[in-house]
Amino acid sequence: MKMSTKKLQWLMFGWFFVFPFLPVPGYWITIGNYIGLYSIVALGLVLLTGIGGLTSFGQAAFVGLGAYTTAYLSTTLGWSPWVGLGAGLVVSGLAAALIGSVTVRLSGHFLPLATIAWGLSLYYLFGTIEFLGKYDGLSGIPALSVFGIDLSSPRVMYGVIWLCLGGCLMLVLNLLNSRPGRAIRALAKGKTMPEAMGIHTAQYKILIFVLAALMASLSGWLYAHLQRSVSATPFGLHMGIEYLFMAVVGGVGHVWGAILGAVVMTGMKSQLQDLLPLLLGSNGNFEIVVFGVMIVLLLLWSRDGLWPWVAGVWAKFHPPEPEVVAPAIAPDGYSDLPRRARPQAGALILEVSDARKQFGGLVAVKDMAFEIRAGEVVGLIGPNGAGKSTMFNLVTGVLPATSGEIRFCGERIDQLDSRHIVRMGIGRSFQHVHLIPHLSVLENVAMGAHLRGRSSPLAAALRLDRHEEARLLFLAAEQIRRVGLEEHMHTPAGSLALGQQRILEIARALCTDPTLLLLDEPAAGLRLKEKEALADLIRQLKGEGMSVLLVEHDMDFVMGLTDRLVVMEFGSKIAEGLPAEIQNNEAVLAAYLGGVE
Amino acid sequence: MDFGIFAVLAQDGVTNGAVYALLAMALVLVFSVTRIIFLPQGEFIGFGALTVAALQSSQFPKLIWLLIGIGVLTFLVELGSALRQRRYKPLPRRLLMWSVIENLIYPQFIWLLAHSLDWQGMPMAVQILFTLAITVPLGIMIYRVAFQPMAEASVLVLLIVSVGVHFAMLGMGLFIFGPEGSTTHAFTEWSTALGEMPVSGQSVVVMAVAGSLIGLLYLFFDRTLYGKALRATAVNRKGAQLVGIGTSQAGRMAFGLAAGLGTLAGTLIAPLNTVGYDTGFVVALKGFVAAIVGGLASYPLAAAGALLVGLLESYSSYWASAYKEVIVFTLIIPVLAWRSLTSGHGDEE
């Protein structure tokens with residue numbers, strides 16, 4: 001759960017800064033250095049895997065790119081390590097952008113497999129290239145220095161490493177707690193929901209892949225100047241796998257899990273290496289067996305890793321507070337947020353003519369035609385399998401139409417994808433709710449405000465987006481109040497009842513500033529009271545001038561609510577008219593109840 | 001390069017490609033039935049080859065100790081899960097009986113067999129069959145212990161468990177077989193010439209075995225009810241369960257087959273290459289590259305990919321032998337780029 005455990009986090013981090021000043025043996029400092037280096041890589045993986053839902057086994061290769069770049073530049077060419085840092089970041093970033101762009105459009109498991117292959121080929125490359133010293137690697141790498149101050153001692157490097165880690169943590173936390181951050185969190189939910197909020201999922205996927213590679217490259221740079229020599233071995237696939245382990249063991253969905261995972265794994269490994277040969281003799285590689293077995297056991301015990309467990313124990317003593325809070329009064333510039341011009345009541349806004357969708361030989365939607373005027377609530381009904389959802393998908397851009405035209409406010413949208421359609425002013429909800437369960441209602445709703453802001457990931461990481469962020473959060477909070485969920489503003493969305501989750505989705509859609517709201521079976525699975533609350537909300541929105549298209553098969557629900565009904569069966573329109581007329585229409589009765597043959 | 005070298009390289013490439021094809025098949029099979037990316041495949045290559053080598057040099061095949069150990073573990077896991085479910089249903093006595101036979105008695109029977117017969121004098125085919133009798137149950141037990149309890153987990157979690165199992169098996173491999181590699185006897189000394197091209201009997205055997213296995217797999221999946229049930233599980237796990245297909249059985253079956261195919265791949269390469277306990281990993285990864293070419297879904301495409309990998313490896317070892325591995329593993333990037341451009345839209349999780 002993403003509620004604050006701030007004190008615990010900073011306590012943990014603070015401890016590592018006090019640590020080198022204690023009279024501890026040098027060996028511990030070395031371990032601390034490695035924990036820091038590993039944490040930086042694992043942090044990137046948390047962003048990539050836990051939060052964005054992409055997996056990489058190839059991070060060690062990016063560490064290697066960072067390390068070898070600076071090693072080559074500072075030994076063979078004799079350039080400053082600081083140039084090496086920049087060059088390493090550029091090389092890793094470009095490589096990641098290339099790999100990312102060829103894999104992001106494929107389904108989930110191709111990226112991990114591509115990174116396995118990539119990790120291996122780069123490892124062999126390091127070991128083969130002449131000017132990188134083949135398998136001996138490069139040695140004699142200079143130590144870091146700043147303004148003539150030598151940073152070569154391990155205790156000083158400890159400070160440098162942990163400062164870098166602290167910096168990365170800050171940037172990642174800032175980024176996650178922003179508009180681009182919410183877009184990244186939405187990625188884990190597949191493609192449909194984020195795209196319907198106007199989020200360019202492919203771009204954000206490449207972004208987090210590049211960010212994770214940059215952090216790995218930074219770690220490699222630090223490694224090279226700490227170790228003063230590099231060789232291919234620590235950048236092989238096994239290390240790439242271990243980085244992923246650290247993130248998973250610590251809790252791959254949690255930023256602080258990265259450090260916890262690095263501590264646990266590094267500590268465990270060094271203990272096992274000392275202990276096991278004493279217990280079992282030294283003629284086997286037992287630590288790797290125990291290591292493997294412990295991973296399997298840990299995942300059997302807790303698939304989410306250690307951090308949620310630690311945070312849960314801590315939360316018993318320190319009740320959590322909400323982390324993201326909307327400003328209480330409208331922030332500066334809130335009234336300047338661009339708003340769409342409202343079409344005049346009664347103006348034609350959605351026009352579907354002869355829309356058809358074929359899946360191979362199956363015609364799911366057959367030459368449908370209907371229209372919606374501004375301020376109307378129209379119901380699209382029909383028995384199960386009538387093609388309502390396909391029709392819905394055509395209007396929202398999830399599927400392209402095979403033929404026919406769909407126009408919104410005069411412009412054709414039948415070949416646009418959902419990311420562009422939402423920009424034009426069509427908001428939607430989902431039949432099976434698409435929420436990020438552990439985020440608060442406010443954060444979920446704010447995802448809908450993605451198109452209302454423009455701050456870049458860099459600005460967000462540097463906290464230059466706070467004015468805009470306040471406006472967006474206030475906007476989201478306003479929509480939550482508008483739909484009557486203000487009591488649950490900071491509740492995790494996953495703990496709401498289904499009816500409330502549907503209403504949350506409406507609030508999220510309202511954030512996109514729609515002129516037409518499309519609701520996909522909003523009443524399905526709701527209890528009577530929930531249906532009444534939903535109907536009241538839709539009436540209220542209509543009162544505010546919103547146009548609504550409801551796809552439903554619950555007749556009672558749409559009867560009292562809609563201005564007009566369109567009835568579908570077998571992909572075609574069989575009737576259209578006022579609810580009272582439809583109730584007595586013979587074709588409709590036959591479709592719903594079975595006709596007399 | 002003259003035609004002679006070209007032909008020899010081609011023969012080499014196709015021979016290796018046939019082995020990769022077997023591995024790619026196994027990986028596609030396991031992935032499509034269980035969604036597990038089966039990294040421990042590589043260990044079966046090494047274990048298989050080293051066990052045949054042990055039999056041929058009349059050493060006791062120590063892999064049996066691992067079989068006995070994991071058998072006990074599997075039995076305990078099954079007993080534990082039966083006891084845990086005691087509150088809801090009666091103790092499944094028949095199932096536990098079977099579990100005792102499969103996991104406790106069978107490994108000891110194998111142990112007895114290994115001790116009581118003279119394996120060195122047997123024909124190689126019998127030695128390979130005996131090796132399969134050790135490794136196939138091992139694969140099934142590994143599925144039962146490590147994967148079946150979390151069969152519903154995400155692809156990522158399963159992948160990590162897979163890596164954990166790979167590590168554990170690798171470490172056990174070093175302990176059991178030691179760091180030294182071995183080779184086995186040749187299948188045949190026979191050789192012939194096709195025009196100007198010399199053809200080794202070894203290549204012929206490898207291609208024939210791989211080809212007929214691929215044919216058998218095709219028949220199995222296309223013609224038998226059991227094979228169709230496995231394919232149904234691959235398409236829709238829930239749906240398969242609803243029509244009465246045991247998805248756990250399907251998973252065990254897939255692992256048994258994959259372990260068997262891995263072992264065979266190991267025995268096929270062992271007469272020509274020194275195989276160590278850790279050789280298999282990189283070989284299996286080349287099978288992976290082939291499987292990815294096939295999109296982890298198509299058997300014929302995976303086989304084609306395997307041939308491509310084999311040929312690429314063989315020719316690049318002639319022109320740029322130092323970069324052989326780099327070239328093979330980098331192949332995956334253009335392949336994925338091509339798939340990405342040709343696939344219509346991204347899949348939904």
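Buried residues (20 or more other C-beta atoms, placed from the backbone, within 10 Å of a residue's own) make up 47% of the 349 residues in chain B. This is a predicted model, where local features need pLDDT of at least 70, side-chain atom pairs count only at pLDDT 80 or more, and totals for chains, interfaces and linings use all residues. Residues are numbered from 1 along each chain as its sequence is written, while chains are lettered from A in the order in which they are written.

**View 1. Chain B as a whole.** Look for 14 helices and two strands (DSSP runs: H or I of at least four residues for helices, E of at least two for strands).

**View 2. The largest nonpolar core.** Here 298 residues come together; such a core is a set of buried Ala, Val, Leu, Ile, Met, Phe, Trp, Tyr and Cys joined through C-beta atoms within 7 Å. Helix α9 (residues 201-227) of chain A brings the largest share, 18 residues.

**View 3. Around A21(B).** A21(B) is among the residues with the most contacts inside that core. Setting aside neighbours within four places in sequence, its contacts (C-beta atoms, placed from the backbone, within 7 Å) include A210(B), I214(B) and L307(B).

**View 4. Where chain B meets chain A.** On this side, 42 residues of chain B touch 41 of chain A. The largest share of chain B's side, 16 residues, comes from α6(B).

How values were computed. Buried ≥ 20, exposed ≤ 12 C-beta atoms within 10 Å, placed from the backbone. Contact = placed C-beta atoms within 7 Å.
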